[in-house]
Structure formats: structure tokens, C-alpha cells
Amino acid sequence: MTEDLSETAPSSEIRALLRVLDGQRRHVLGILDGLDAKDLRRSVLPSGWHFLGLVQHLALDVERFWFGAVVAGDEEVIRGLTSGDEAWKVAPEVPAIDVLDRYRQETKLADAVITATAADAALAWWPRDLFGEPHLHTLRDVLLHVIAETACHAGHLDAARELIDGRRWLVLT
């Protein structure tokens, strides 16, 4: 008997949104290529964040939070959520590669949730203590939110990288 994949395969809409998100994820990691461990921890803006802190924020507060907790309702993820700006802080003894690998790992875990969930599926959990009543309601809503947030942070990384060594991700002439 052949399994009907229409119920389990992601829709063309989800595949399209995931391609856009993957492009932003590649941008996040690509703009960091060639930076040494010292520069990955270097802050160039008055707010004080550095590349590794922003990537860890994307791993924990974005990928893990939105897909593992909000969309999937994974109790272990929910119990392990950080609060405030903890995710932005990377201990000095944590190797840069560990932070980058954690981001890659969290994106793979998120992809598993995304591809197993219908676009209009209701969210499994909502952090009312953080956001009040839900303003996102479906996987589609969360994907669009995460695409926007990841793109915004990719732009932050672009600006910081250009301040360090002049490198730019996309140059149109």
C-alpha cells in the first residue's frame, strides 16, 4: 500500500517560505565567513552585542523558541527557555564553532517541525506572560515572523561586518 504523502509532505507554500527562510539563514552564516574568534566576539555598535551573541539569540530565542516551543509545544523546550537577554550572552570559554553549530542544529530541528506541520495549523503554545494575547495564530504566521526577524538580524550582521573589515554580503552595482 502506498502512503498518501499529501497529508505529511509540506505544502508548496511551506516549501516556498522555508526556501526564503533558508536564504536568510545562509546569509546569517555567510556574512560571518572569514572572521576569526576575536572578531566574532567584537562589538562595534554602542548597544554592545557581538556576532556570536546575535547568532545564539537566533538559535535560542528565534528558531528554538518559535518552532520548538510555540509551534510544536515541546515541553522540554518550553522548560529550557531563557529569559531576558540571556541568549545574547556567550561565555568566554564557549568556542565560536559551538555557537555556530548550535544555530545549525536548531535550524534543522526547526525544519523538522516546519515540514511536519500544516501552514494553517494552530499554535501548540503561546507565551502570554511575554506577549499577552496571541498575535500570531498559525505556522504560516510564525514562519513570516521568523523570516522577518532573521532578515532584520542578517542586516545587523551586515552592518557590523562592514564596520570591521569592509566586507559586504550583497553588492549591487
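What pattern does the chain follow, read along the sequence? Read that way, this predicted model goes α-α-α-α-α-α-α.

View 1. Helices here are DSSP runs of H or I, at least four residues, and strands are E runs of at least two, numbered from the N terminus. The radius of gyration, taken over C-alpha atoms, is 17 Å, close to the 16 Å that the globule rule (2.2 Å times the number of residues to the power 0.38) gives for 173 residues, so the chain is as compact as a globular protein of that length.

**View 2. The largest nonpolar core, with 46 residues.** Such a core is a set of buried Ala, Val, Leu, Ile, Met, Phe, Trp, Tyr and Cys residues joined through side-chain atoms within 4.5 Å; buried means under 20% relative accessible area (1.4 Å probe, protein chains only). Leu32, Trp66, Phe67, Ile114 and Val142 touch the most other members. H1 (12-30), H3 (51-71), H5 (96-115) and H7 (139-165) each supply at least two residues, and H3 gives the most, with 13.

**View 3. Around Val142.** Skipping neighbours within four places in sequence, Val142 is in contact (heavy atoms within 4.5 Å) with Trp66, Phe67, Val70, Val71, Leu123 and Leu136.

**View 4. Asp39, in helix H2 (residues 37-40).** Asp39 is buried, at a relative accessible area of 15%. Not counting residues up to four places away in sequence, Asp39 touches Phe51 and Ile164.

Housekeeping: residues are numbered from 1 along each chain as its sequence is written.

Technical notes
Predicted model: local features only at pLDDT ≥ 70, side-chain atom pairs only at ≥ 80, totals over all residues. Heavy atoms only, no water. Buried < 20%, exposed > 50% of the residue type's maximum accessible area, 1.4 Å probe, protein only.
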